[in-house]
Amino acid sequence: MSEELQPLTLDERAAEELARVMSSREAAEAMLRVRIVGGGCSGFQYQLGIDDKRGEDDLIFESHGQRIVIDPVSYSLSKGSVITYVDGLMGAGFSVDNPNVIAACGCGSSFQVREDALPGS
């Protein structure tokens, strides 16, 4: 990738919650894995999980003392995103504020991105 990287970041609340989750892990190398996969009614869905392995091409970003790992294809669809933690009446969890999204389904579980964000564009 020849362009300047636009990091994925965590807001302070998400970093605190991630640190809490990580404290129960035995692997010192654990980090937040962000993946974007095809699916849902709008085209793409996020998969967030804990991972202690890094792929050869993976990118790693650090935010508020926490590490985020992402593969190049997922990065192209989510560069510049901010991961937040929301806790409301409808439940609690991590949410992704992605500047590349142009449309999302009504239930909020899938999304579409700008055409220039698609790999190979």
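The structure is a predicted model, in which local features need pLDDT of at least 70 and side-chain atom pairs count only at pLDDT 80 or more, while totals for chains, interfaces and linings use all residues. Residues are numbered from 1 along each chain as its sequence is written, and side-chain values use heavy atoms, with hydrogens and water left out.

**Exercise 1. Determine the order of the secondary structure elements from the N terminus on.**

Step 1. Helices (H or I, at least four residues) and strands (E, at least two) are DSSP runs, numbered from the N terminus. The protein has two helices and nine strands.

Step 2. Their order is β-α-β-β-β-β-α-β-β-β-β.

**Exercise 2. Identify the buried residues of H1 and describe how they are placed around the axis.**

Step 1. Buried means under 20% relative accessible area, exposed over 50%, and partly exposed in between (1.4 Å probe, protein chains only). In H1, Ala-14, Ala-15, Glu-17, Leu-18 and Met-22 are buried.

Step 2. Because these residues cover an arc of only 165° around the axis, they lie on the same side of H1. The arc is that of the directions from the helix axis to the C-beta atoms.

Step 3. Exposed Glu-12 and Arg-20 are carried by the face turned away from the buried side of H1.

**Exercise 3. Find which residues have the most contacts inside the largest nonpolar core, and which elements give two or more residues to this core.**

Step 1. A nonpolar core is a set of buried Ala, Val, Leu, Ile, Met, Phe, Trp, Tyr and Cys residues joined through side-chain atoms within 4.5 Å. The largest has 17 residues, and Leu-8, Leu-10, Val-34, Ile-70 and Ile-83 have the most contacts inside it.

Step 2. Two or more residues come from each of helix H1 (12-22), strand S2 (31-39), S4, S5 and strand S6 (82-88). H1 gives the largest share, four residues.
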